[in-house]
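Take a walk through this fold, helices and strands in turn. Keep the coordinates open as you read.

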Amino acid sequence: MTSSSIQSHDPFREIRQTDGVMRCPFHGESITMILRHSDVRDAAADWRTYSSDAPFRVPIPSEEAVRTIRQLPIETDPPRHTEYRKLTEPFFLRAKRPDVIASVKRMIDEAVASSFKADSFDAVSELALPIQSRALTQLLNVPESEADIWIGWGIHVFKVTGGTFKTGNVLEDYLNERFDQAEADPGDDFFSALIQATFEGRRLTRQECLGFGNLTFAGGRDTIIHTATSMIAHLAWRPEALAYLRDDPTRITLASEEFFRVFMPLTQIGRVCPNGADIHGVSVAPNERVGLCWASANHDETVFDQPEEIRLDRRPNPHVSFGYRNHLCQGAPHARLVIRSLLETICRTVDRIEVIEAKPQTEREERFVRQVGYESLRVRWSRLEPSES
């Protein structure tokens, strides 16, 4: 299998080919979106021109209304960004440890096995969300029971279904409680490590600790959930794709990277141009924002042959779903572990997947419309008998 008749939708194709950039209004602000793969990577590497040192303005739309602290390390530039990353790197690298890999695989096996008990289930709230949350406990080295709290927050920490911002700040309150506990009784978990960490010869401030915690819980949550459920929907609508992966599980690695390329729910990420910029003749004023459009770059026809086709054996696959260069996502090994493990379990235990009802989650802006996952995806799947595998 080299391709699928189900294609990914690319709303940026025409303007990427003609102009390479697109001015688009976002909540009263006009942002220049950078669309071509090479331009996106160049901008991601050029932090002096395209700076991340802009609290609340890296996400698009900006998040002044939903948090009070700078997310770390993402909302900083080198060299401070590099030094900040070192503080949490040991926890994100846990995704490569054999014991953590085994625990995540065990948890996913149990979650999928439990899903067979119901006639049907919502793959978003009843499978992907619990899997993402329980896998995160392994990364942060906290009890798995802690995931029950995180599951209660829903798909997105800051937004309700439909995309509007939540009121209050449940995440910040939660983080303060956990950091208070770590100060009183430190352990070997993520929260305790931050409370005890030193930076530039001093202890981290509480604001810095909150910045790390905020990004950890908000950054990769809906990304993993929407990628997982989009993948499940694809395997339901293309049963031959599931059979193709089941026939040779070594194909799962390439397939998962293709799913990351196509089903990337984060359309773009913001950068601020301190001194302005000129991008293909479009002038960006000093301190204006640009958007590095990962979704467009992942469909650039000069890099990916027939990019709207879902090719489970695509190689090479230089997608930018995890960012590029300095801001390459720390959580990438964790996301890859979760998606590959879920694919392995599905191939080993699921015979067929049927979509009963799908409610897409759509990003609607003035100049583009893009599906970014599912609000809900009710599915029914049948168990693969051992003799069939």
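A crossing of two helices is left-handed if the near helix is turned anticlockwise from the far one by less than a right angle, and right-handed if clockwise. Helices (H or I, at least four residues) and strands (E, at least two) are DSSP runs, numbered from the N terminus. The model is a predicted one: local features need pLDDT of at least 70, side-chain atom pairs count only at pLDDT 80 or more, and totals for chains, interfaces and linings use all residues. Residue numbers start from 1 along each chain as its sequence is written, and side-chain values use heavy atoms, with hydrogens and water left out.

Start with the pair α4 and α5. Helix α4 spans residues 98–115 and helix α5 spans residues 124–140. Their axes come within 10 Å and cross at roughly 155°. Axes here are lines fitted to C-alpha atoms, for helices over the stretch in contact, and angles run from 0 to 180 degrees between N-to-C directions. The two helices are therefore roughly antiparallel. Angles under 35 degrees count as roughly parallel, over 145 as roughly antiparallel, 65 to 115 as roughly perpendicular and the rest as oblique. The crossing of α4 and α5 is right-handed. On the α4 side, the contact (heavy atoms within 4.5 Å) uses Val 100, Ser 103, Val 104, Arg 106, Met 107, Ile 108, Ala 111 and Val 112. On the α5 side, Leu 127, Ile 131, Arg 134, Ala 135 and Gln 138 take part. Nine of these contact residues are nonpolar, two polar and two charged. In this count Ala, Val, Leu, Ile, Met, Phe, Trp, Tyr, Cys and Pro are nonpolar, Asp, Glu, Lys and Arg charged, and the others, Gly among them, polar.

Helix α5 also meets α14 (332–349). The axes of α5 and α14 come within 11 Å and cross at roughly 130°. That makes α5 oblique to α14. This crossing, too, is right-handed. Ile 131, Ala 135, Leu 136 and Leu 139 of α5 face His 334, Val 338 and Leu 342 of α14. The contact of α5 with α14 holds six nonpolar residues, one polar and no charged.

What does Gln 132 touch beyond its neighbours within four places in sequence? Gln 132 belongs to α5. Gln 132 is buried, with a relative accessible area of 3%. Buried means under 20% relative accessible area, exposed over 50%, and partly exposed in between (1.4 Å probe, protein chains only). Those neighbours aside, Gln 132 is in contact with Gly 220, Arg 221, Ile 224 and Ile 225.

Now turn to the strands. Strands of a sheet pair through backbone hydrogen bonds, either parallel or antiparallel. Two strands count as paired if DSSP finds at least two bridges between them. An open sheet of three strands has the order β3-β11-β10, with antiparallel pairing. β3 (121–122) and β10 (350–364) stand at the edges with a single partner strand each, so one side of each has no neighbour in the sheet. Helix α10 (residues 221–237) packs on this sheet and touches β10 and β11. The direction of α10 makes about 60° with that of β11.

Look at the pairings in detail. β10 and β11 (residues 369–383) are joined by 13 bridges. Pro 360 stands opposite Tyr 374, and Glu 363 has Arg 370 as its bridge partner. A hairpin of four residues links β10 to β11. β3 pairs with β11 over two bridges. Here Asp 122 is partnered by Arg 378.

Another set of strands begins with β1 (residues 21–26). Six bridges join β1 to β2 (residues 29–34), and the two run antiparallel. Val 21 has Ile 34 as its bridge partner. Two residues lie between the strands of this hairpin, where His 27 takes a positive phi near 50°. β2 is also joined to β9 (residues 288–292), by three bridges in the parallel sense. There, Thr 32 is partnered by Val 290.

Finish at helix α11 (residues 239–247). Ala 241, Leu 242, Tyr 244, Leu 245 and Arg 246 are buried in α11. The buried residues of α11 pack against α10, α12 (252–262), α14 and β10.
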